[in-house]
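We will go stop by stop.

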Amino acid sequence: MPNSVTLAQAKAFLRASGEDELVALLVDAAEARVGQAAGVVLSAASPAPLRLAVLALACHAYEHRHDGKPPPLSLVEPWIAPYRQARL
């Protein structure tokens, strides 16, 4: 399944050189979290705010990777909220 954000985009956003496996893992985790929170499956065609939410969560996780805590979803809630799918 293609990611909503490419490895190159994530590395540029994080200003990371090397660490491809770590960055890819963080993007996958952030994408899963945003997709679950919004109730949608993300792709490269997803709206920009959702893709930016993935980048922001991945960035926070990258910068705080030694804390052992996941980034709070509240960081990106304003970007996700308009795209939430209603669940019955």
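What follows is a short tour, with something to select at each step.

Before you click, note that this is a predicted model: local features need pLDDT of at least 70, side-chain atom pairs count only at pLDDT 80 or more, and totals for chains, interfaces and linings use all residues. Residues are numbered from 1 along each chain as its sequence is written, and side-chain values use heavy atoms, with hydrogens and water left out.

**Stop 1: two helices**

Select residues 7-14, helix α1, and then residues 20-38, helix α2. Helices here are DSSP runs (H or I, at least four residues), numbered from the N terminus. What is the angle between α1 and α2? It is about 100 degrees, and their axes lie 10 Å apart. Axes are lines fitted to C-alpha atoms over the stretch in contact, and angles run from 0 to 180 degrees between N-to-C directions. The two helices, α1 and α2, are therefore roughly perpendicular (65 to 115 degrees).

Now show side chains where they touch. On α1, pick L7, A10, K11 and L14. On α2, pick D20, V23, A24 and V27. Contact means heavy atoms within 4.5 Å. The residues of this contact divide into 6 nonpolar, no polar and 2 charged. Nonpolar covers Ala, Val, Leu, Ile, Met, Phe, Trp, Tyr, Cys and Pro; charged covers Asp, Glu, Lys and Arg; the others, Gly among them, count as polar.

**Stop 2: the salt bridges**

How many salt bridges does the structure hold? There are 2. A salt bridge is a side-chain nitrogen of Lys or Arg within 4 Å of a carboxyl oxygen of Asp or Glu.

Keep K11 and D20 on screen. Their side chains form a salt bridge, 2.5 Å from N to O. Is K11 buried or exposed? K11 counts as buried, at 18% relative accessibility. D20 is partly exposed, at 36%. The cut-offs for relative accessible area are these: buried is under 20%, exposed is over 50%, and partly exposed is in between (1.4 Å probe, protein chains only).

Next, select R84 and E77. They form a salt bridge too, with the closest N and O atoms 2.6 Å apart. R84 is partly exposed at 36%. E77 is partly exposed at 26%.

**Stop 3: the loop**

Go to the loop between α1 and α2 and click R15. R15 is not a glycine, yet its phi is positive, about 55 degrees. R15 is exposed, at 78% relative accessibility.

Move on to E19, in the loop between α1 and α2. E19 has a positive phi near 55 degrees and is a residue other than glycine. E19 is partly exposed, at 36%.

**Stop 4: helix α3**

Select residues 48-63, helix α3. Its 16 residues, at 1.5 Å a residue, should span 22 Å. The expected span is 1.5 Å times one less than the number of residues. The end C-alpha atoms of α3 are 22 Å apart, which agrees.

Color the buried residues of α3, including L50, A53, V54, L55 and Y62. The buried residues of α3 pack against α1, α2 and α4 (77-80).

**Stop 5: V5**

Finish in the segment before α1, at V5. V5 is buried, with a relative accessible area of 3%. Which residues does V5 touch? Leaving out residues up to four places away in sequence, V5 touches A10, V27, E31, R51, V54 and L55.

Terms used: Parallel < 35°, antiparallel > 145°, perpendicular 65-115°, else oblique.
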